[in-house]
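Hi,

Here is the structure I promised to pass on. Have a look first, and my notes on the helix packing and the core follow below.

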Amino acid sequence: MRILLVLLRKELALELAARDGLPLALGFSLVCLISLSLVLGPGQGAHPSYAAAGVWISVLFGSVLLFNRASSREREAGAIQALTLSPADPGTVYLAKALGGWIAVAALGGAVLLASGFFLNVGLGTLRAVDVAGLALGCLGLSALGTVQAAMAAHVRARDAVLPLLIFPLQVPILIL
């Protein structure tokens, strides 16, 4: 348990120190949300199911950037070799990475959800606890699968193009449920 907390703290410290992770993913997610909002007429609010789809599309695209940048940072710093040589169990390493990714994706999802109130003209007062729980569980699914897929794509030459090809087909069923 102590090793898990140390690794999780390392993941969060790296994510907070990086200027190319969460801010870049948030910017890209907001551009996706703004692009989706252009379908609406002036002063027109989005249907709740359209707004939910817009939030998930924005979070899904932004999470690809998060996972890609996180795996790139580790590859460039040689952290993968250090983790391989550490006494930590591989399952513990994965769990720490997935939890760190979940925190980052959940922060991204929360920011996109708040921005959707503005860009999609949806009242956030109608959010229920089940909607927030659905966002948290969806982000957990994105993180669990995205962590594995980012590690797989890290060893491929065209990793920036391969990661979305790996993530999108497998993440969509998670988000549909």
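A word on angles before anything else: under 35 degrees counts as roughly parallel, over 145 as roughly antiparallel, 65 to 115 as roughly perpendicular, and the rest as oblique. The axes behind those angles are lines fitted to C-alpha atoms, for helices over the stretch in contact, and the angles run from 0 to 180 degrees between N-to-C directions. Helices (H or I, at least four residues) and strands (E, at least two) are DSSP runs, numbered from the N terminus.

Bear in mind that this is a predicted model, where local features need pLDDT of at least 70 and side-chain atom pairs count only at pLDDT 80 or more, while totals for chains, interfaces and linings use all residues. Residues are numbered from 1 along each chain as its sequence is written, and side-chain values use heavy atoms, with hydrogens and water left out.

Now the packing around α5. The axes of α5 and α6 cross at roughly 135° and come within 8 Å, so the two helices are oblique to each other. On the α5 side the contact (heavy atoms within 4.5 Å) includes Y94, W102, V105 and G109, and on the α6 side L135, C139, L142 and V148 are among the residues. By class, there are 13 nonpolar, 5 polar and 1 charged residues in this contact of α5 with α6. For the classes, Ala, Val, Leu, Ile, Met, Phe, Trp, Tyr, Cys and Pro are nonpolar, Asp, Glu, Lys and Arg are charged, and the others, Gly among them, are polar.

α2 also packs on α5, at an angle of about 30° with the axes 10 Å apart, and the pair is therefore roughly parallel. Here too the crossing is right-handed. L22, S29 and L33 are among the α2 residues involved, and α5 brings in residues including L108, V112 and F119. The contact of α2 with α5 has 13 nonpolar, 3 polar and no charged residues.

Then there is α1, whose axis comes within 8 Å of that of α5 and crosses at roughly 40°, which makes α1 oblique to α5. Among the residues that meet are L4, K10 and E15 of α1 and V93, K97 and I103 of α5. That contact divides into 11 nonpolar, 2 polar and 4 charged residues.

What about the core? The largest nonpolar one (buried Ala, Val, Leu, Ile, Met, Phe, Trp, Tyr and Cys residues joined through side-chain atoms within 4.5 Å) has 26 residues, and V59, V105 and L163 have the most contacts inside it. The elements giving two or more residues are α2, α3, α5, α6 and α7, and α3 supplies the largest share, 8 residues. Not counting residues up to four places away in sequence, V59 touches S29, V105, L108, G109, V112 and L142. A second, separate core of 5 residues includes L4, A88, V93 and A96.

G21 has a relative accessible area of 1% and so is buried (under 20%; exposed is over 50% and partly exposed in between, with a 1.4 Å probe and protein chains only). Leaving aside neighbours within four places in sequence, G21 is in contact with E15, L66 and R73.

Cheers

Definitions and conventions
A crossing is left-handed if the near helix is turned anticlockwise from the far one by less than a right angle, and right-handed if clockwise.
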